[in-house]
Amino acid sequence: KFPGEEKKIEAAIAMIKHSTINKDKSLYSRPYKMRNLSRIFDKNNEQQKQLKRKRVYKYIVGVAAVLILCVLPAYYLLFYTSTSLNDEFAMIEPCANDTSGQVQIFMGDEQSISLDKTNPNITVEKDGSISVDNVQVAKVDNEKLTTNQIVVPYGKRSRITLPDGSLLWINSGSRIAYKSDFSTNRKLTISGEIYLDVKRDVHHPFIVKSSRMEVEVLGTAFNVSDY
């Protein structure tokens, strides 16, 4: 019946609820009434503040829950991708502090070769052996599956021919990792900048992994930069 007067009505209800009948006439003096009314209003205002705080708290909790649901999948994807890449390159971390400035080839955890060349031509044969400028420098045990890696420091570059005939040009400060069964499992993990000319093979897709993406092709040429 009285729109716009809700607060006054709520205050009146609160005052009635807190009122008591007392025969002491001194309690009905105006000063006492004003003090009592002020106390009732203060208590009612405090209740309203508590209600608002509860609403704000619920809102904050709801927003936080939504943010967590949004952030967790992204964090998981980033962490999983970074962990997978570090696992691929775990074997070459010890040479991260190498100051020789030479191109390095790692054949699993048993062989390592340093090349004192500025722009060596490296060929990975179908049997896994390595040749540099048409001179064989390493043989492998075909019965053992290994992760092989080539590291090109700053100031050097390298051209690589893979067992399937694909060509790579590795820029300075870059590295690649591949399994010894690359002829049938064409997967390459990279860091830095690589230009690839992939030999076409519709039965064996060529997969390139970096810290932020994975590219799958059948046969094409493209550049990947991921320092």
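Me: Where does Arg55 lie?
Reply: Arg55 sits in helix α2. Keep in mind that this is a predicted model.

Me: Buried or exposed, that Arg55?
Reply: Exposed. Its relative accessibility is 57%, and the cut-off for exposed is over 50%.

Me: Which residues form the positive surface patch?
Reply: Lys7, Lys49, Lys52, Lys54, Arg55 and Lys58.

Me: Which element gives the largest share of that positive patch?
Reply: Helix α2, residues 30-88. It supplies 5 residues of the patch.

Me: Switching to nonpolar. Which residues make the nonpolar surface patch?
Reply: Val56, Tyr59, Ile60, Val63 and Leu67. The patch covers about 500 Å².

Me: And where is Tyr59 placed?
Reply: Tyr59 is in helix α2 too.

Me: Why does Tyr59 count as exposed?
Reply: Because its relative accessibility is 60%, and anything over 50% is called exposed.

Me: New topic. Which strand is Thr147 found in?
Reply: Strand β6, which spans residues 147-152.

Me: Is Thr147 buried or exposed?
Reply: Thr147 is buried. Its relative accessible area is 12%, and buried means under 20%.

Me: What does the Thr147 side chain make a polar contact with?
Reply: The side chain of Lys179. The contact is 2.8 Å.

Me: How many residues apart are Thr147 and Lys179 along the chain?
Reply: They are 32 residues apart in sequence. Their C-alpha atoms are separated by 4.5 Å.

Definitions and conventions: Residues are numbered from 1 along each chain as its sequence is written. This is a predicted model: local features need pLDDT of at least 70, side-chain atom pairs count only at pLDDT 80 or more; totals for chains, interfaces and linings use all residues. Side-chain values use heavy atoms; hydrogens and water are left out. Patches are made of residues with over 30% relative accessible area and no salt bridge: like charges are joined within 9 Å, nonpolar side chains (Val, Leu, Ile, Met, Phe, Trp, Tyr) within 5 Å. Accessible areas come from the Shrake-Rupley method with a 1.4 Å probe; for residues, only the protein chains shown count as cover. A salt bridge is a side-chain nitrogen of Lys or Arg within 4 Å of a carboxyl oxygen of Asp or Glu. Lys and Arg count as positive and Asp and Glu as negative; His and the chain ends are not counted. The place of a charge is taken as NZ of Lys, CZ of Arg, CG of Asp or CD of Glu. Helices (H or I, at least four residues) and strands (E, at least two) are DSSP runs, numbered from the N terminus. Buried means under 20% relative accessible area, exposed over 50%, partly exposed in between (1.4 Å probe, protein chains only). A polar contact is a pair of N or O atoms within 3.5 Å; within protein, one must be able to donate a hydrogen and the other to accept it, and residues adjacent in sequence count only if both atoms are side-chain atoms.
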